[in-house]
Each structure stands twice: as structure tokens, then as C-alpha cells.
Amino acid sequence: MSSNNDPDVMEAKLRYTVGISLVVILGGIIGAVLFSLIFVTQPMGESSENDRRFFELLSPIAAFIVGALGGVMAAGNGKQRGGNNDEPPTQEYTE
């Protein structure tokens, strides 16, 4: 019984949207790199200067997006569910 204005539902929708956006951007970067490696003619012996600069630019961007995606997916909502008990659970043994 959650409405669309419930903060938990809104946060879940936001995390989903951000996650999907980052995955699409990361997929586009991977697609561009693969396209430039497979279908663009390279000089003999080594890659061209433009390709090296392109990869230097895309490497930190892709690393940032992967880190941000991991952070968004791993982040909690900051609330503890099920009470506010800071003590570890104890087991009771009955014999």
C-alpha cells in the first residue's frame, strides 16, 4: 500500500533512473571505443594520435561512471529499517 508520493518509492524511482542513465552512457562509451577499434582504419605499427587522445579522454570518464554507478546502486536510503537498535543480535539457547 504505497502511494506514488511515498519517499521510499520516489527514491527507488530516482535510483533506477540514475542507474539506467549511467548504464546507457557507459554502453555508449564502450560502443564508441569498439567502433573506433574495429571499423576505423589504423596506421601500420601503432594507433593514430587522435585515437590515443580519444582513449585518454574516455578512460577517466568511464572509470568515473562505473564508480558512480556502483555508488548509486550500493547506497542505502539513510534510514534503518526495523528499529533503531545499535546492539548486535544475541542468540538465546534453550536446552
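Predicted model: local features only at pLDDT ≥ 70, side-chain atom pairs only at ≥ 80, totals over all residues.
**Ground rules.** I number residues from 1 along each chain as its sequence is written, and my side-chain values use heavy atoms, with hydrogens and water left out.

**Whole chain.** I looked up the secondary structure and found 2 helices and 0 strands; helices (H or I, at least four residues) and strands (E, at least two) are DSSP runs, numbered from the N terminus. Of the 95 residues, 13% are buried, meaning under 20% relative accessible area, with exposed over 50% and partly exposed in between (1.4 Å probe, protein chains only). The accessible surface is about 8,000 Å², and carbon and sulfur atoms hold 63% of that (Shrake-Rupley method, 1.4 Å probe; for residues, only the protein chains shown count as cover). I also checked contacts, which need heavy atoms within 4.5 Å. Taking those between residues at least 6 apart in sequence, 63% join residues at least 24 apart.

**The helix pair.** Next I asked myself at what angle α1 and α2 pack. For α1 (residues 7-38) and α2 (residues 49-74) I have about 155°, with the axes 10 Å apart. The axes are lines fitted to C-alpha atoms, for helices over the stretch in contact, and angles run from 0 to 180 degrees between N-to-C directions. That angle makes α1 roughly antiparallel to α2 (over 145 degrees; under 35 is roughly parallel, 65 to 115 roughly perpendicular and the rest oblique). I noted the α1–α2 crossing as left-handed: the near helix is turned anticlockwise from the far one by less than a right angle, whereas clockwise would be right-handed.

**Who meets whom.** On the α1 side I listed residues including Arg15, Val18, Leu22, Leu26 and Ile29, and they face α2 residues including Phe54, Leu58, Ile61, Ile65 and Leu69. By class, this contact has 21 nonpolar, 2 polar and 1 charged residues (Ala, Val, Leu, Ile, Met, Phe, Trp, Tyr, Cys and Pro are nonpolar, Asp, Glu, Lys and Arg charged, the others, Gly among them, polar).

**Two leucines.** Leu22 sits in α1 and counts as buried because its relative accessibility is 14%. Beyond four places in sequence, Leu22 touches Ile65, Ala68 and Leu69. Its C-alpha atom is 8.0 Å from that of Ala68, 46 residues apart along the chain.

Neighbours within four places aside, Leu26 contacts Ala62, Ile65 and Val66. For Leu26 and Ile61, 35 residues apart along the chain, I noted a C-alpha separation of 8.9 Å.
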